[in-house]
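Please read this report on the fold, the packing and a few single residues. The sequence and the model come first.

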Amino acid sequence: MSAYDKDFWPARPPEPGAALEALRLARLLEQVRYCYNRSEVYRAKMKAVGATPEDIRSIADFGRLGFAFSKADERDSEERSFKERGDYLGAHLCCDPRDVMGISATSGTTGRPTFTYLFTQNDLRVNAVGWARALAWMGAGPGDMVMNALGLSMWVVGAIAVHSLIQIGVSWSR
């Protein structure tokens with residue numbers, strides 16, 4: 001494990017209950033505010049249902065808002081960003097396009113592939129830590145060998161999973 005990740009490593013998974021629900025709500029609100037403040041697309045989606053981040057007081061409130069980001073919305077957002085910025089990363093992108101370090105596209109089975117997952121350096125770290133934490137809680141650790149039967153793409157279970165195995169000292173093969 002890297003020293004910078006030590007705060008992400010509780011001894012065991014959090015127990016279900018009020019503390020975990022409070023943590024989930026706090027993280028949801030943090031993410032909703034982040035998107036609302038940085039993306040005209042997400043702001044417009046919330047305004048269309050008459051809501052702001054302050055209207056969300058529970059996870060159920062968020063679910064009742066009923067706004068969604070469909071595949072058509074994603075394609076429209078990507079076309080808009082191509083026209084405005086010259087990239088297909090999407091007008092819904094909440095960071096500077098130069099901060100995108102990893103991209104995972106869909107296969108395009110229902111049309112043009114979309115860039116569903118865009119990762120900043122921090123996104124990659126948080127995803128890797130989440131995977132590493134889950135693998136460690138399942139008992140994986142130094143001396144174990146894992147065969148990665150998944151692709152080594154930037155998809156959420158590809159290269160990120162391998163990086164996570166390395167973080168907890170597990171050898172891997174493919």
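Among contacts between residues at least 6 apart in sequence, 56% join residues at least 24 apart. Contact here means heavy atoms within 4.5 Å. This is a predicted model, in which local features need pLDDT of at least 70, side-chain atom pairs count only at pLDDT 80 or more, and totals for chains, interfaces and linings use all residues. Residues are numbered from 1 along each chain as its sequence is written, and side-chain values use heavy atoms, with hydrogens and water left out.

**Overall fold**

The protein has 6 helices and 4 strands. Their order along the sequence is α-α-α-α-β-β-α-β-α-β. Helices (H or I, at least four residues) and strands (E, at least two) are DSSP runs, numbered from the N terminus. Of the 174 residues, 32% count as buried. Buried means under 20% relative accessible area, exposed means over 50%, and partly exposed lies in between (1.4 Å probe, protein chains only). The protein exposes about 10700 Å². Carbon and sulfur atoms supply 57% of that area. Accessible areas come from the Shrake-Rupley method with a 1.4 Å probe, and for residues only the protein chains shown count as cover.

**Helix 1 against helix 2**

Two packed helices are described by the angle between their axes and the distance between the axes. The axes of helix 1 (residues 18-38) and helix 2 (residues 40-48) come within 5 Å and cross at roughly 110°. Axes are lines fitted to C-alpha atoms, for helices over the stretch in contact, and angles run from 0 to 180 degrees between N-to-C directions. Helix 1 and helix 2 are therefore roughly perpendicular to each other. Angles under 35 degrees count as roughly parallel, over 145 as roughly antiparallel, 65 to 115 as roughly perpendicular and the rest as oblique. Helix 1 brings Val-32, Cys-35, Tyr-36, Asn-37 and Arg-38 to the contact, and helix 2 brings Glu-40, Tyr-42, Arg-43, Met-46 and Lys-47.

**Nonpolar cores**

The largest nonpolar core has 9 residues: Leu-25, Leu-28, Leu-29, Val-32, Tyr-36, Met-46, Ala-51, Ile-56 and Leu-65. Such a core is a set of buried Ala, Val, Leu, Ile, Met, Phe, Trp, Tyr and Cys residues joined through side-chain atoms within 4.5 Å. Helix 1 gives the most to this core, with 5 residues. Leaving aside neighbours within four places in sequence, Val-32 is in contact with Met-46, Pro-53, Ile-56 and Phe-62. A second, separate core of 6 residues includes Leu-135, Ala-140, Leu-165 and Ile-168.

**Single residues**

Thr-120 sits in the loop between strand 2 (117-119) and helix 5 (121-137). Its relative accessibility is 16%, so Thr-120 counts as buried. Thr-120 touches Cys-95, Asp-99 and Met-101, not counting residues up to four places away in sequence.

Thr-110 lies in the loop between strand 1 (102-104) and strand 2. Thr-110 counts as exposed because its relative accessibility is 60%. With neighbours within four places left aside, Thr-110 is in contact with Lys-71 and Arg-75.

Ala-72 belongs to helix 4 (residues 71-85). At 46% relative accessibility, Ala-72 counts as partly exposed.

Gly-169 is in the loop between helix 6 (159-167) and strand 4 (171-173). Gly-169 counts as partly exposed, at 37% relative accessibility. Beyond residues up to four places away in sequence, Gly-169 touches Gly-141, Pro-142 and Gly-143.

| Pair | In sequence | C-alpha to C-alpha |
|---|---|---|
| Thr-110 and Lys-71 | 39 residues | 9.3 Å |
| Ala-72 and Thr-114 | 42 residues | 9.9 Å |
| Gly-169 and Pro-142 | 27 residues | 4.5 Å |
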